[in-house]
Structure formats: C-alpha cells, structure tokens
Amino acid sequence: MGDNVTLASGCKLLTHDGSTKKILGYSKVGRIDIGSDVFIGAASIVLPNVKIGSKVIVGAGSVVTKDIPDNSVAVGNPAQIIGTYDAYVNKTKIQFETLPIWNTHYSLKSDDEKRQMREALLESGYGFDL
C-alpha cells in the first residue's frame, strides 16, 4: 500500500477466495496492490489479484474485480473507469470556487440561515435541496 491511501468505512480488501476450500481442499490466495494518493469509497470491495494504481478514486459501493490504472476514477459493480483523477480534481476545484460554501454544521444553523442555504444551492444550478 502506497502513501496517502484512504479506505472509507466498510471497505473490504479480500485477499483470498474460500469458495473452493470444501470442494478442492484449498483456497485461492491473491495479492492486492494499492498505489499512492488513492481513495476507496465506503462499502467498496477489492478482490484478490487486483492492482490499483496511484492517483485513483474508487466510488462508494464499488466492486473492484480487475486492475485500475494510474490517474483513474472507477465506480460500479464491477468497477468501470469513468474518467481521470486529474479531471475529477479539476472539476471539483472549480465547483468549490463557484458553489456557496458554509463553515458551520447545518444542524447548528438558524431556520433563516438554513433557508438562505437552500436558496443559494438551488440557484447554483445543482438542483439539490437540504
């Protein structure tokens, strides 16, 4: 495992497959390699004999069944590459520069502040509500 790796809650790294133990008397065992600057989202599963490159984001709930190259974003079951890490980081950076940002927890805000937040988010064009 490389540097700066985050495994969100509920991630499972499976290094063996016990499904053959009763049938054949042995289990398959495999290695998992994870590069640097990797984020693996909540409840994701990484199967044996998989290599995840550096600068990779794996979306929540994904099942990684095959190698993911450097500079990738992968999601789904089975995980499929949907874009590059660099493009995702750049897109998110732009969103942070243009979307409204608040520095306190939503639950600590007054009703008026919550209303203002909802209005600002809806006006931003992202169309989600709190």
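User: What do buried, exposed and partly exposed mean here?

Analyst: Buried is under 20% relative accessible area, exposed is over 50%, and partly exposed lies in between (1.4 Å probe, protein chains only). The model is predicted, so local features need pLDDT of at least 70 and side-chain atom pairs count only at pLDDT 80 or more, while totals for chains, interfaces and linings use all residues. Residues are numbered from 1 along each chain as its sequence is written, and side-chain values use heavy atoms, with hydrogens and water left out.

User: Why is Lys55 called partly exposed?

Analyst: Lys55 has 31% relative accessibility.

User: What makes Lys55 and Asp86 a salt bridge?

Analyst: A salt bridge is a side-chain nitrogen of Lys or Arg within 4 Å of a carboxyl oxygen of Asp or Glu. For Lys55 and Asp86 the N to O distance is 2.7 Å, so the pair meets the rule. The pair links distant parts of the chain, 31 residues apart: Lys55 is in the loop between β8 (50–52) and β9 (56–58), and Asp86 is in helix α2 (residues 85–98). Helices (H or I, at least four residues) and strands (E, at least two) are DSSP runs, numbered from the N terminus. Asp86, at 33% relative accessibility, is partly exposed as well.

User: How many salt bridges does the rule give?

Analyst: The count is five.

User: What joins Asp112, Arg115 and Glu119 into one network?

Analyst: Arg115 forms a salt bridge with Asp112, with the closest N and O atoms 2.5 Å apart. Arg115 also forms a salt bridge with Glu119, at 2.9 Å. Salt bridges that share partners therefore join Asp112, Arg115 and Glu119 into one network.

User: Why are Asp112 and Arg115 separated by about one helical turn?

Analyst: Asp112 and Arg115 are separated by about one turn because they are three residues apart in helix α3 (residues 111–123). Glu119 and Arg115 are four residues apart in helix α3, also about one helical turn.

User: What makes a set of residues a nonpolar core?

Analyst: The residues must be buried Ala, Val, Leu, Ile, Met, Phe, Trp, Tyr or Cys, joined through side-chain atoms within 4.5 Å. The largest such core has 14 residues, and Ile40, Val46, Ile52 and Val64 have the most contacts inside it. β5 (32–34), β6 (38–40), β8 and β9 each give two or more residues to this core.

User: Which residues does Ile40 contact?

Analyst: Contact means heavy atoms within 4.5 Å. Leaving aside neighbours within four places in sequence, the contacts of Ile40 include Ile34, Val46, Ile52 and Val58.
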